[in-house]
Amino acid sequence: MRTIAIMNQKGGVGKTTTSVNLSAALADAGFKVMLIDLDPQAHASLHLGLTFEREFPSVYDVLVNDVSLDSVRRQALENLWLVPAHLDLAAADFELASVLGREKILADKIAEDNMEFDFIIVDCPPSLGVLTLNALVAVEEVIIPLQPHFLALHGLSKLLETIELVSKRLNSKLRVSGVVLCLYDGRTTLANDVKNDVKAFFGQHEGRPAAWRDVLVFDTNIRRNIRLAEAPSYGQSIFDYDAKSNGAEDYRSLASEVLQMTKVDTVESK
């Protein structure tokens, strides 16, 4: 099983779009996927058409009320299950402040879960608080979505510093496995220049911490695509909304690269 956090402390970079559509692409390929919406805005939940009133349990109850993942998890698509979020999750930082081992709650709940998955993907909030810390302790990989502009690396050092610290103190298996450029317009010189800058930055291995020494900048670029922007308002992944769009093509390609990273067996060979 592979466990992946999709994270960037900057909002509006394609984080939730990537979490949802990468999960859907892997599920469409026949892999069993659990997507955990750890963002209080609950955009991943809304993207998959699951809108919940407070009486329905959410990941908030998993973290704060000791509820199991199984009792919260909902099937969103074939092979894809969602652990939904709720606005109450915004209070988790405060409510867990005095809880011993609060950073390991999600990891413990995943370890206790009796359902087997090929992938667990966590959509992280655009912050570096206790929710993101739970994600980093629970997973082994981080994929970072970036926008192709010259501020793409601005603030990235803090994110990498946090990942390095968690890797040293709480989760020795944690690594940044990949970076994907989203909202990409290949017709502009700027987009191509920024991608080259990002590759150069992560291509400097000497002296780098183990947690982000071997980062793959994906060949796949998630192009600007109006269909990707429209899909959440219909509560659908890009594959249900428009399977022939550039957005669907790009996320299929990204999923293929993610699978190739560790030579995951094909569905037919399972």
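Strands β2 and β4 (residues 80-83) pair in the parallel sense over four bridges, where pairing requires that DSSP find at least two bridges between two strands. This is a predicted model, in which local features need pLDDT of at least 70, side-chain atom pairs count only at pLDDT 80 or more, and totals for chains, interfaces and linings use all residues. Residues are numbered from 1 along each chain as its sequence is written, and side-chain values use heavy atoms, with hydrogens and water left out. The chain holds 12 helices and eight strands; helices (H or I, at least four residues) and strands (E, at least two) are DSSP runs numbered from the N terminus.

**Sheet**

- Opposite Val33 stands Leu80 of β4.

**Strand β1**

- Five bridges join β1 to β5 in a parallel arrangement, and Asp123 in β5 is the bridge partner of Ile6.
- β1 also pairs with β6, in the parallel sense over three bridges; here Ala5 stands opposite Val142.
- Five of the five residues of β1 are buried, that is, under 20% relative accessible area, with exposed meaning over 50% and partly exposed in between (1.4 Å probe, protein chains only).
- In a regular strand the side chains alternate between the two faces of the sheet. Arg2, Ile4 and Ile6 point one way from β1, and Thr3 and Ala5 point the other way.

- Lys10 lies in the loop between β1 and α1 and counts as partly exposed because its relative accessibility is 38%.
- Apart from its neighbours within four places in sequence, Lys10 is in contact (heavy atoms within 4.5 Å) with Pro126 and Gln147.
- The C-alpha atoms of Lys10 and Leu160 are separated by 13 Å, although the two residues are 150 apart along the chain.
- Helix α6 (residues 105-112) has Ile105, Leu106, Ala107, Lys109 and Ile110 buried. These buried residues pack against β2 (33-37), α3 (59-64), α4 (69-72), β5 (119-123) and α7 (130-138).

**Cysteines**

- The whole structure contains zero disulfides, a disulfide being a pair of cysteine sulfur atoms within 2.5 Å.
- The sulfur of Cys124 is too far for a bond, because the closest cysteine sulfur, in Cys182, is 14 Å away.
- Cys124 counts as buried at 0% relative accessibility, and Cys182 is buried with a relative accessible area of 2%.

**Overall dimensions and surface**

- The chain has a radius of gyration of 18 Å, which agrees with the value near 18 Å for a compact globule of 270 residues; the radius is taken over C-alpha atoms, and the globule rule is 2.2 Å times the number of residues to the power 0.38.
- Along the principal axes, the C-alpha atoms fill a box of roughly 50 × 45 × 35 Å.
- Of the 270 residues, 52% count as buried.
- Among contacts between residues at least 6 apart in sequence, 78% join residues at least 24 apart.
- The chain exposes about 12,400 Å², of which carbon and sulfur atoms supply 49%; accessible areas come from the Shrake-Rupley method with a 1.4 Å probe, and for residues only the protein chains shown count as cover.
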